[in-house]
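Biologist: Could you take a close look at one part of this model with me? I'd like to hear about some aromatic rings and what surrounds the topic.

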Amino acid sequence: MSGIGRSGMVLALAVAAGAGIAAEAFRLRPVGVAYADGKGTALRAPEGVGCGPDGLLAVADTGNGRVVVYEVRDEEIVPRTDFALPELPYPLRVRVESKGDLLVLDGRLRKVGRVSARGEFRGYVEPAGTQGIAATRGFKIDGRGDVALLDVAGARVLFLGADGRPGREIRFPDACGFFSDLAVDGKGTVFLLDGVGRRLFTAGPDDKAVRPRPAALPDGVDFASSIEADGAGRLFLVDQNGGAIVILDADGSMLGRQSMMGWREGQLRYPASICLDGKGLLFVADRGNNRVQAFSVGR
Amino acid sequence: MDRALLLLALALGWPAVGRAADDEAYRLKPGAKGRVCLTCHSEFAEVLGRPSVHTPVKAGDCSDCHDPHAADHADLLADAPEKVCLACHGGVVPAGAKSVHRVVGEGACARCHDPHASGHPNQLLKAGADLCLGCHGDVGKAIETARFRHAPVSRGCLACHDPHASGTAPFLLKKSVPGLCVACHRTDLPAFTAAHLGYPVGKSNCGSCHDPHGSSVPGILRANPHAPMAGETCDACHPGPDAAAPLATKRQGVDLCRDCHSDVLDEALSRNRIHWPVVDRRGCLNCHEPHAARVAGLLSGAPGDLCGGCHRDAVERQAKSRVKHPPVQKGECGACHEPHAGNEVHLLTKPEGELCGACHDWARHSAHPMGAKAIDPRDRNLEVGCGSCHRSHGTPFKALSHFDPDRELCVQCHEGLKR
């Protein structure tokens with residue numbers, strides 16, 4: 001693990017060719033990297049990052065089949081603990097609840113489990129009476145603390161309350177490519193990322209169905225795999241095969257395309273997902289480089 | 001020109017009025033719109049003698065398509081070729097067309113038509129199916145080798161297809177299926193019902209089981225039928241023909257297929273990483289046909305096309321690549337990737353080094369350290385491996401290198417050697 005101070009950081013992120021003038025409008029600046037846990041064991045193909053209260057940063061260290069928990073202090077990423085759980089053998093995604101518990105999506109089981117930040121397993125997050133093959137592709141936590149599951153088998157987004165009771169349900173449209181991730185903003189608007197159809201779908205807070213955004217994803221997005229919404233109406237897409245983060249504003253216009261495929265700090269190789277800490281930092285699960293990178297978000 | 005004269009001009013044909021006015025304005029010699037052209041282009045005498053002559057050519061109106069003095073387009077065409085043709089033939093593509101012939105969309109009218117004249121109707125370059133099969137050779141080969149040919153095929157492609165576009169159906173079909181099929185095949189006959197085991201398939205997609213051009217399987221079924229269909233045990237997946245909804249499936253998505261294919265699916269579901277479409281609402285049908293297919297394994301298309309339908313960036317990267325990686329170029333995605341599930345990132349069939357080594361001789365790289373003892377100087381968490389220098393789906397450089405190997409590749413790590 002290492003931290004990189006803002007003042008000492010001179011590496012400027014390359015703006016990918018073709019991003020245009022708008023790409024200059026929004027920048028990510030690398031400020032830190034996590035390479036290992038507290039014992040020096042290297043991260044291996046991490047695919048999930050989750051930002052939580054009090055600087056908590058959880059990492060799904062997928063290749064090692066475990067979760068590593070860090071604390072972010074003054075842009076230093078300090079390892080706290082790590083754990084592997086038989087109930088969640090292959091963590092793909094991780095999110096942090098407001099009270100500090102972690103939600104982890106497991107690749108082998110394709111369902112979400114809740115654990116404490118110390119690694120105590122609390123149970124699976126799924127509607128009661130679930131039958132058939134589990135197929136949760138992604139999930140997010142909304143502003144009320146409800147968990148939004150991207151249930152690709154059921155072709156729906158299903159919200160579950162803290163008590164596990166099903167709430168709002170949003171059906172997938174008939175005509176779409178494949179939804180690889182979802183985001184929920186502070187107002188309850190749901191965004192579905194159709195990486196195959198290269199399009200975003202949205203549902204307002206009271207909608208039961210999603211509708212496609214008029215504009216396709218910007219040219220140059222190779223294979224968008226993950227999406228995150230900030231508190232200001234902006235969307236952050238992870239372009240997995242392009243090694244970049246693409247920033248869109250509320251109407252879908254591109255505010256920037258940042259980073260590029262590469263090995264050096266500040267560059268990304270097959271990034272899997274991101275999280276925002278709400279304080280101006282963005283963390284990337286830089287899967288192909290076996291590390292997690294932190295960037296400051298700004299113009 | 002007053003209003004009455006304008007209306008009269010429109011009623012009589014404005015172009016003719018305008019043309020006469022132009023002739024006068026430019027003081028054109030008689031025949032200057034075309035007949036004069038023949039004084040130099042004498043070879044057109046032979047063209048004009050062909051059985052099918054384009055109307056403006058026949059009328060001697062060369063300047064309908066060509067600019068007599070200079071042009072921004074080849075052959076002194078007055079506009080881009082597709083625009084020249086569509087100025088008169090705009091109706092060949094109906095508004096909101098469901099399918100458009102690619103060459104029409106590209107404006108390459110001359111791929112099928114001679115713009116001046118030919119020996120075939122509509123100035124076609126060849127007669128009947130010969131023209132179509134010049135590009136659609138795979139279809140021609142399938143027809144040629146089929147033991148059982150669909151009768152309309154002998155009447156030519158236009159028996160079922162519109163050559164330019166279809167306003168109502170995919171594949172340029174004149175009508176959507178089954179409407180097109182039932183125009184000939186009566187679905188109310190006992191023989192039809194018996195052949196379909198009593199299932200009410202009159203409104204179903206005939207192409208789900210039958211090859212519309214022909215096949216070597218009786219009933220012109222597609223070459224690779226699903227075992228329950230070939231064995232006439234439709235009730236393996238559907239309720240009986242007398243059920244309230246006989247064409248519904250007994251279960252949805254992968255749950256249905258798992259009844260018989262539990263070996264494949266249980267194995268897939270036990271792996272760390274699933275290919276997500278396997279478990280979505282369409283499940284296996286994202287890639288496989290339920291009844292019969294032209295491609296082995298009941299695949300909905302050739303593997304490269306099938307995978308490339310979703311993973312377009314991988315296909316595009318290969319297309320732009322200076323060097324082609326043979327498995328990618330041949331569409332053999334399964335040579336490196338698991339189609340259903342796996343334990344490796346990118347659903348690779350094996351860890352990267354092992355996978356590449358199966359085809360590539362490691363000894364040729366023996367001069368460069370690789371593996372656990374060679375840490376990538378750019379990232380302390382990475383060992384030097386094939387992916388450190390190469391990208392399997394393509395790059396702009398030789399040897400599928402991430403950077404120009406003559407100038408930029410080595411110094412990515414060996415910075416001290418930069419000049």
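Is A:Tyr124 buried, exposed or partly exposed?

Modeller: Keep in mind that this is a predicted model. A:Tyr124 has a relative accessible area of 31%, and because that value lies between the 20% and 50% cut-offs, the residue counts as partly exposed. Its partner is A:Phe121: the two form an edge-to-face aromatic pair, with 5.1 Å centre to centre and 65° between the planes. Why edge-to-face? The angle is 65°, and the label goes to planes over 60 degrees apart. A:Phe121 is partly exposed too, at a relative accessible area of 27%.

Now hop along chain A to another edge-to-face pair, A:Phe172 and A:Phe179, where the centres are 4.8 Å apart and the planes make an angle of 75°. Here both A:Phe172 and A:Phe179 are buried. Ring pairs also bring in A:Phe201, so that A:Phe172, A:Phe179 and A:Phe201 make up a cluster. Over all chains, the count is four aromatic pairs.

Chain A also has a neighbour. Its contact with chain B takes 42 residues from chain A and 38 residues from chain B. About 3400 Å² is buried between the two chains, with carbon and sulfur atoms giving 50% of that area. On the chain B side, B:Trp276, B:Arg281 and B:Asn381 lose the most area to chain A, together 23% of what that side buries. Five salt bridges run between the chains, including one that joins B:Arg273 to A:Glu47, with the closest N and O atoms 2.6 Å apart.

Key: Residues numbered from 1 in each chain as written. Chains lettered and ligands numbered in written order. Predicted model: local features only at pLDDT ≥ 70, side-chain atom pairs only at ≥ 80, totals over all residues. Heavy atoms only, no water. Contact = heavy atoms within 4.5 Å. Buried area = accessible area lost by both parts, 1.4 Å probe. Salt bridge = Lys/Arg side-chain N within 4 Å of Asp/Glu carboxyl O. Phe/Tyr/Trp six-rings, centres within 6.5 Å; stacked < 30°, edge-to-face > 60°. Buried < 20%, exposed > 50% of the residue type's maximum accessible area, 1.4 Å probe, protein only.
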